[in-house]
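Here are some notes to go with the model you asked about. Have a look at it first, then read through the points.

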Number of protein chains: 2
Amino acid sequence: MKIAIIGAVAAGTSAAAKARRTNKDAEIVIFEKGRDISYAGCGLPYYISGVTPSRYNVVMNTAQDFKEKYNVEVLLEHEVTKINSEDKNLTYKNLKNGEEGEYKFDKLIIATGALPIKPPFEGLDLENIFTLRSVESADKIKDAVKRDDVNQAVIIGAGLIGLEMAESFRELGMEVTVIELQDQVLPPFSKEMAAIVEEHLKEKGVNLILGDGVDHFEGQEEVEKVVTGSGKEVEADLALLSIGIKANSKLAEEAGVEIGETGAIKVNEKLETNLKDVYSAGDCAETTDLLRNKDIWLPLGSTANKQGRTAGENAAGGDASHYGILKTGITKVFDLTVARTGLTLEEAEAEGTDAAVVKIKAHNHASYYPGTDDIHLRGIFDKENGVILGAEVVGGDGSDKRIDVLATAIYNRMTADELFQVDLAYAPPYSGPKDAVAILGMVAEKKL
Amino acid sequence: MKIAIIGAVAAGTSAAAKARRTNKDAEIVIFEKGRDISYAGCGLPYYISGVTPSRYNVVMNTAQDFKEKYNVEVLLEHEVTKINSEDKNLTYKNLKNGEEGEYKFDKLIIATGALPIKPPFEGLDLENIFTLRSVESADKIKDAVKRDDVNQAVIIGAGLIGLEMAESFRELGMEVTVIELQDQVLPPFSKEMAAIVEEHLKEKGVNLILGDGVDHFEGQEEVEKVVTGSGKEVEADLALLSIGIKANSKLAEEAGVEIGETGAIKVNEKLETNLKDVYSAGDCAETTDLLRNKDIWLPLGSTANKQGRTAGENAAGGDASHYGILKTGITKVFDLTVARTGLTLEEAEAEGTDAAVVKIKAHNHASYYPGTDDIHLRGIFDKENGVILGAEVVGGDGSDKRIDVLATAIYNRMTADELFQVDLAYAPPYSGPKDAVAILGMVAEKKL
């Protein structure tokens, strides 16, 4: 059996590794357009700041490692240009020498990832305007920030990557301005929780321009200024465009793979596309919102990893499923942990649910134990039955614990009362006798 | 309405506060034998070591605070000597002046807590042999360890308190020996997980004598030596007896309150005893093992707090329930977090379950982000349906998160596959793309 995989980042390499564990005889080949495989996309902000010291740390495997470890051939700088799903055949181009070739497969996994969105801003082709997606793009940013005359960073977009990079640039001693079109940071979060993050960013010396977008970039050869829609001019030695990404689904679409309404590749829980023996996984593929049983596209490393693993097992003759996600996401913004899971209030209401918002502030652990910190929790509850539908957390250490407990609670359709009943671990360094989650449940129960 | 509460620690004060919130007009009186109220029993090891700097930190309320905050009368050094449940009347003794009195109640909450077990060891009445239960007992230990000639501590019992105090005494620069009758530390834990803790204790300079108990204490006025059953002689300037506690249920029993097989007070999910209008909560009361639907006694602060709250609400005319626990427990042992929840292998097998043990080691978060640490997870799964029944965690930062997620999973009877499916939060500072819990689920699924 021959398994071809397009793309060698999270989904592609997970797929290859699991395919090998499932089938020790298959020929497995990965075609990767870039020069790195299996890199930690989510680690790039830490690589740039130096918190993660070396490139070697974020590029976890070389093609050779992968060959030795899994007996999987990784063809770097090999771009797949065409898929023929009827003949089970793909055409690729070796970017190093321009040569073309063909590969016949029995099973194909498309893991082509996503691409940064780059609107046609005037001045976008100036030097020192970056996007962050690959290790190569991180290397370019790292080179730029090393220069003594690069001190002012302007970040376009206050999503997860935008804010992680704000921290990263501040760590490097730079002046940082974040410009966001929405009137809050982290648009998937509620305004009240985002406001806590905004306050913290300001305390950490980040300039925020909210409710305003980029109009154009100015400069000679390099970017010197970002001009916003409202006419604000922000000096910049470097600009980072992090306004979002889009599924890299063109190759698949040309091959007749069905594309969902989201623009990403439609897959079922087996990670099968509409074409026989063609799978897709990772940032180019859709997934299912488990709470609404709805196809969505939310490209995250955790999902890519699980989808890749599932596609790999199935392609290799196994039988695995990945049913979908709760849209759980987390990020570190300086000293704050900011995380969410489940439905937003707006999503719950759009489903016809009479929903209540419950917000509490609790301590991460016993107040007499060192390192006490506030944790803000915001839950969305179904008024009819008390079931928790969504949650947001903003706070200090231990915030990640609460979002994972709440994600598990939401997965299980737990009620407010059950959040009080569930027996979470208590000792002074870890929690209060009533955990923050239990307090959220108590307050919700009273309100409902 | 008059509500009397006996005991002013976790359960009693929670009950009083919730009773007041439920009923603003009731007369609420707490009778407390000791001199402190509302203290954090679980914080005492940190108070002794100085990690928690002042007595004020662990005694969170004074009787006067409580009066002002909740309009609840707290009578300190008032010991209740008799309960007459038919006449709804109790007799108390003011320990300050020896005077006796009576109090008529409409509702009574018994929260008399637990007492340290003190077997009749020879030499037990020597000076500098302590138990740790109240703030007063902590004060005595604190006074003793201040002395220049008190340098060698011997702890009898390697349970949660014993090991927390081992850390505490080491923090104070003392030599520490822990003697435990079982052949492992933390007897409720499996041997393989306990072994990791034992290794860590040794690294931290704690001497362990396992599978050996105290025979007697020797000394002139003060303890000088602990002699074990096997004849080992351990020099001691101070000994701490932490071999366990027993429910303080004698007063209740004399009043006709039903005592369960565990020796603690039998209660239902409303925290009612067999006697009308008499409730019990906290360390003197039983609770229910949710997984086996069985009365158990496992005195912990988290349960005391929830039971107290529930009893308080019901006594004051509300309607609340606390259904039981999963036996979740956690402790910090130097740099390790050690926690468990759910059934042990032995308990699962005793229930007739064909159970499998799955043990994994994973990282707490991305290996390229600073502060990576190992987390050992051990799960007990039902082979028939893949449901997780119990779990243990030993590891670094983030171990508490995993036990709380697993407790929530066990509460919901999740399967191994669901541990993989549930969408936990991933970013490099918090987790790997596949969380340790997901890995446990994956490995379990493969094994089952």
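How many residue pairs are in polar contact across the interface of chain A and chain B? The rule finds 28, with both residues at pLDDT 80 or more. A polar contact here is a pair of N or O atoms within 3.5 Å; within protein, one must be able to donate a hydrogen and the other to accept it, and residues adjacent in sequence count only if both atoms are side-chain atoms.

1. Some ground rules. This is a predicted model, where local features need pLDDT of at least 70, side-chain atom pairs count only at pLDDT 80 or more, and totals for chains, interfaces and linings use all residues. Residues are numbered from 1 along each chain as its sequence is written, chains are lettered from A and ligands numbered from 1 in the order in which they are written, and side-chain values use heavy atoms, with hydrogens and water left out.

2. The interface. On chain A, 60 residues are in contact (heavy atoms within 4.5 Å) with 60 residues of chain B. About 5,500 Å² is buried between the two chains, and carbon and sulfur atoms give 59% of that. Buried area means the accessible area (1.4 Å probe) that two parts lose on being put together, summed over both. Tyr368(A), Asp423(A) and Tyr430(A) supply 15% of what chain A buries against chain B, more than any other three residues.

3. Charges across the interface. There are four salt bridges between chain A and chain B, a salt bridge being a side-chain nitrogen of Lys or Arg within 4 Å of a carboxyl oxygen of Asp or Glu. Asp400(B) and Lys401(A) meet in a salt bridge at 2.8 Å, N to O.

4. Salt bridges overall. Searching the whole structure turns up 65 of them over all chains. Arg55(A) pairs this way with Asp139(A), again at 2.8 Å, N to O. That pair links distant parts of the chain, helix H3 and helix H5 (residues 135–146), 84 residues apart. Helices (H or I, at least four residues) and strands (E, at least two) are DSSP runs, numbered from the N terminus.

5. Aromatic rings. The count is 10 aromatic pairs over all chains. Rings of Phe, Tyr and Trp (its six-membered ring) pair if their centres lie within 6.5 Å; planes under 30 degrees apart count as stacked, over 60 as edge-to-face and the rest as tilted. Phe31(A) and Tyr103(A) are edge-to-face, 5.6 Å centre to centre with 65° between the planes. Phe31(A) sits in strand S2 and Tyr103(A) in strand S8, so the pair ties together parts 72 residues apart in sequence.
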